[in-house]
Amino acid sequence: MSVPRWWPTPGAWLWVVLFLGIQFAPRRAGLLSDGDPCWHWLQGNWMLEHRAVLRADFLSHTRPGAPLVCKDWGSDVLWAVAGNLGGWSGILLLAAALIATTLGLFCWQLRSDGIAPVVAVGATLLALGACAAHWLARPHLWTQLLIVPVAWTMREFNRDRLTARQAAWRLALVLAVWANLHGGFLMGLVVIALYAAGDAVERPRRLGPAAGLFVVGWVATLLNPNGWRLHAHVLEFLRQPALTLSTDEWRAPDLSSVAMRGFVVWLVAALGTLAVVWRRLRPSELVVVMGWVGLALLAARHVPLCALVVTPVLAAHFAGPKRAAAGGSRGGNAVLVAGAVAGAVGALVGGWRTELPARDWPVQAADFVRANGERLRGAMFNEYAWGGYLAQELPGRRVFVDGRNDFYGLPLLREYETVARALPGWEKVLAQYQVGWTILPPASPLNQALARAGWECAYADPVATIYRRKP
Amino acid sequence: MRRRWWLPSLGAALWLAFFLGPAMSEWRLVLISADGDPALHWRIGHWMIEHRQILRTEQFSHTRLGAPLISKEWLGEVLYAAAGNALGWQGIVILGSALIATTLWLLYRLLRAEGAAALLATGLVLVAALACSHHWLARPHLFTHLLTVVFVWQLRAGKAWWLPLWMVLWVNLHGAFLTGFVLIGCFIAGSVLRRDWRKAGLLAGVLAACGAASLLNPNGWRLHLHILEFLRTPVVAQFANEFGSPDFHAGGMRGFTLLLLLLGVTLLWVRPRWKPVEVVLLAVWGYLALRQVRNVPIFTLVAVPILAEHLGAWLTAPRYRQWSANVERLDAGAGGWIVALAALALIPQTDILPSRFPVAAVKFLRAQPAAVCGEMFNDYGWGGYLLLALPERRVFVDGRNDFYGGPFMEEFNRCDRAQPGWEAVCEKYRVGWTILPVQHPLNQLLALRPEWPVVYADAVAVIRARATGSRRDQSDTSAVSRRASCD
């Protein structure tokens, strides 16, 4: 059965299904399930208002005015623009577009390699399953998107389909943009480094040009408002396992968890494919596959990146004899994508809304604080995950901590742990920061300790409890 | 070179190294102190020796006293108890070290029997030791490591008819005997992929015979049902770290990482032609190892013979042959087992680590039994130690999460994490006193309640006892006065 010439490509169909699927899925608010989108929006707003890059903290009372390296400034601004235009629905729209573009581009590159449509779509769906574990409306979605062209460029260079000069221009462009959008730009340099290592194994003569690409990529990433300080900041963060491992996404993936089922399926499929095709794999490709699988097993946040880099390498061999890529219609693609965007924007204008679910966030407690501000004197001690949300909902108040653990640093996070777990010394920390009230989940051990220590329960609902010092 | 009867062969030297290494170094403390289970198994085995019967109802906890129980490793526990009763903790260390050493020695013999040079076999056994070492604890699972090598050897050598006999032993020694079925299943799958129907049929027969043999245990088919039920209940398994995925940031995973790197390098440079059964074994056990860290040693013992075969065929350089020949000369001894026996005398006295378990707190309780009354609430990791060290008292919980079950573990969790409702759990089980680590969340909470005064405290443990009746409002910590109110 022949396909009409105007028919859109599989990648375009995939884009539309994902974009609309995320936008209208009943569980779409899951993309907003941590407090980080809130503070990204807030930081972006500050930069829009002041027309300057943020360089000092304005959200917390524990580190007020402390110097800050805003490593995601570009995407914070985009987040703020989307949020200001459409509220949480606008941010969700942007996130859905990024996810859909990542996988649409991924599918398109597979088809460009001449891989059969069924195999290309199947491989994309496998990668989607692995990526879904880290679908949150945060700037790291830029990293998932931009790693696709970087890996593609390096694969083309590795297969001698691109000259070093052509690859250098492409990489420089993508990495310069990436360094201004998300701190994960170092993963782009890791892609280049692994291909260079593979070249060192397979054909040492190519090591020079590959190393040159790495240097070009590195220089391109210096084009950001913080220059080399951005690299130093990110590397300093990565050098502190106690800090990185305090967040789930930096820990090794728990393959028995529900969230990792997609990755397990991908892993089984990848190992199965490897068993079949591995003698056809070139040594440099093996280095890339092993390197990325190793990184994914080291930190859950690398799982999507591993799937996006490794799947095309394996799929190219799995697909067997290559066929010329089916043309598809650019016009058809444009009409389809434009229609989907128009539909989503139309729904937004027509009143389709996404809000943070009140069952997960202290929505009513925040209302209480706004209405009874005079009763809650002194500084706030808040749940870590709620920091961004509270900073946004209570603009007149500053938080104790939020999701920016790279900014707060280990000493403050240890103080936070001491208080949150009611460990010996918690009262001293609260006194040090002049905390007058707390807002925590009802099950927090600190709530019970505060009740015994003579604090007064000012507000309680199934999501949050507020305690205040007795006047 | 002439073989000398008194000189240890390379295999015997490896056995000695792996026996004396854990038994004489600080590792011996890890063997018995990493968790409370060595104490738990000793206590249960001791009960069975004392009563000359299999334990079938709960005796050691007050929360599930008298509940029916499946002893899934009764023979392993009896052996550990016999060693413990004879030589104390030193006996447990000796048995644990001997099992570790014998497993690795057997692996070495397997590699040598399959034609690996002494140098390669020694190197790979060292890698295997590093990869398995994170799970070197003096518990019955060491029997599973040993019997895995036996099964792998027999299956690779095509002498699978002996396996049902080994299965009879395995099913009584440790609950992970299902590992043997998975191994046979992998070899059947490999034969099917090669279209070797005759071998697949033979192995299917062996599998059926092993299935029948595995019924020869005191609990019959109920044992299988119990284990499958446990594996189907993730909420229970979550209490044991070893059922989680490996954390590659942890130091204990360096050996596994090294093994994976070695596999990767073999793929990269040797480019071996895998047999179907090898692909199946590596894929199945690789997946299981990534799912549950307790399967990492099994993966290691399965993968190392495969690696040895392909690396051995690839390492043909003259320099390597020369090195290998030099090592072969070292393997000139005939036995040296007398030396091994003599080494037993070198094992130092060992006791459980007082900085890890509430040793001093237990001494206090034994000296002043009236200091507490009512039932105990204890730390999960201390349960095994407490039921061994305080046999006159019953624990709230211990490491047998398969026995305690999901609903009870949820109750324990509520209390352990000081979540709302913890008081109701304490009331339900008539908890009169707690013994917990100093920084335990419940301790922090009880510290704010005058009716839970401290009875004893040191750097490791805090004991709190509930004052009852008219004494509830008093903060008097006198053990004698509290005893009066209990009475």
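This is a predicted model: local features need pLDDT of at least 70, side-chain atom pairs count only at pLDDT 80 or more; totals for chains, interfaces and linings use all residues.

Analyst: **A helix crossing and its setting**

Helices H3(A) and H4(A) cross in a right-handed manner. For H3, residues 73–112 of chain A, and H4, residues 117–131 of chain A, the axes come within 9 Å and the crossing angle is roughly 145°.

On the side of H3(A), the contact is made by A:Leu103, A:Phe106, A:Cys107, A:Leu110 and A:Arg111. Facing them, H4(A) contributes A:Pro117, A:Ala120, A:Val121, A:Ala123, A:Thr124, A:Ala127 and A:Leu128.

The wider setting includes a second chain. Chain A gives 32 residues to the contact between the chains, and chain B gives 30. The size of an interface is often given as the accessible area lost when the parts come together. Between chain A and chain B, about 2700 Å² is buried, and carbon and sulfur atoms give 66% of that area. The interface holds zero salt bridges by the rule applied, but six residue pairs across it are in polar contact. In chain A, helices H11 (261–277), H12 (283–298) and H19 (445–452) each supply at least two residues of the side touching chain B. The largest share, six residues, comes from H12(A). That side of chain A comprises 25 nonpolar, two polar and five charged residues.

Charge pairing is the last topic. Side chains of opposite charge can pair when their charged atoms come close. Over all chains, the count is 35 salt bridges. One of them joins A:Arg370 to A:Glu393, with the closest N and O atoms 3.4 Å apart. Because A:Arg370 lies in helix H15 (residues 363–371) of chain A and A:Glu393 in helix H16 (residues 387–393) of chain A, this pair ties together parts that are 23 residues apart in sequence.

Notes
Residues are numbered from 1 along each chain as its sequence is written. Chains are lettered from A and ligands numbered from 1 in the order in which they are written. Side-chain values use heavy atoms; hydrogens and water are left out. Axes are lines fitted to C-alpha atoms, for helices over the stretch in contact, and angles run from 0 to 180 degrees between N-to-C directions. Helices (H or I, at least four residues) and strands (E, at least two) are DSSP runs, numbered from the N terminus. A crossing is left-handed if the near helix is turned anticlockwise from the far one by less than a right angle, and right-handed if clockwise. Contact means heavy atoms within 4.5 Å. Buried area is the accessible area (1.4 Å probe) that two parts lose on being put together, summed over both. A salt bridge is a side-chain nitrogen of Lys or Arg within 4 Å of a carboxyl oxygen of Asp or Glu. A polar contact is a pair of N or O atoms within 3.5 Å; within protein, one must be able to donate a hydrogen and the other to accept it, and residues adjacent in sequence count only if both atoms are side-chain atoms. Ala, Val, Leu, Ile, Met, Phe, Trp, Tyr, Cys and Pro count as nonpolar, Asp, Glu, Lys and Arg as charged, and the others, Gly among them, as polar.
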